[in-house]
Amino acid sequence: MDLLLDNIAKYVCLTKDEQEVVMQYFKIRNYPSKSILLDCGEVCTKYLFVLSGVLRNYTLDDNAIEHTVSFATKGEWITDMRSLVFDTPCNSFIQVLGDARVIVLNRCDQLALFDEVPMMERYFRILVENAVVANQERMLENFSLSAERRYKKFVKRFPNIVEDVSQKDIASYLGVTPEFFSRIKRGRINN
C-alpha cells in the first residue's frame, strides 16, 4: 500500500488519520496472466491501481481486430471511465498481461471516500485531468507522427514493458499491423 500512498502524496497531502481512513477503502487482489478484469458489455464499477504486472485496456472493431487503448504499469490507475461515471455498459476490455497484483477501489466506495476524506476528490480530479491531457497528446501523436516515432515515444513512456508485452499488443497500441511493427523494430521502414 506504500506505493499507493506515495502516488497520492504526489498530488495531495493527507494526515496520518486520513491515510488510515483511505486505506480502509482499498482491497488488494492478485490476478493470473490473461485474466479479464472487465468484459465488454459489463458496467465498470471499479478503479484498478497496479502494484505489479501490466494491465491492458483494449477494444475490438467490427472485424474482431484488437485495438489497445492503454496500458497501466506499476503505480498507475486504469478503468473504463465512461462506463464507470455514466453507469453504462463498456465497449472495452481490461486484461492482465502476466501475473498482476492490483489494488481495487469500487466506485461506491470512492464516492463514500470523497465524503469522508474530501482531499481524495481533489486527488482523483488531478488524475483525470492528467489522463485527459495524455489522451489528447496521444491522439495528436497518432495524427502527426510516423509509426516509427510513435514507437520511440512508446519505448520512452514504457521502458519496462517493451520486452514483457507481446508485439501484437504493442502494434495494436501504435495502430499498425504486427508485420509492420516487426519492420519498425528491425529498422526497415522507409521514411
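Tutor: The model is predicted, with local features needing pLDDT of at least 70 and side-chain atom pairs pLDDT 80 or more, while totals for chains, interfaces and linings use all residues. Side-chain values use heavy atoms, without hydrogens or water, and residues are numbered from 1 along each chain.

Student: What lies over the face of Y173?

Tutor: R138 does, at 3.7 Å from the ring centre.

Student: Now aromatics: how many pairs are there?

Tutor: The count is 16 aromatic pairs, where ring centres of Phe, Tyr or Trp (its six-membered ring) lie within 6.5 Å, and planes under 30 degrees apart are stacked, over 60 edge-to-face and the rest tilted. Y11 and Y123 form a tilted pair, 6.0 Å centre to centre with 50° between the planes.

Student: Is Y123 buried or exposed?

Tutor: Y123 is buried, with a relative accessible area of 0%, whereas Y11 is partly exposed at 29%. Buried means under 20%, exposed over 50% and partly exposed in between, using a 1.4 Å probe and protein chains only.

Student: Which rings cluster with them?

Tutor: Ring pairs link Y11 and Y123 with F26, Y47, F49, W77, F114 and F124.

Student: And what about F71 and F158?

Tutor: They form an edge-to-face pair, 5.8 Å between centres and 75° between planes. F71 is buried at 5% relative accessible area, and F158 is buried at 4%.

Methods. Lys NZ or Arg CZ within 6 Å of the ring centre and 35° of its normal.
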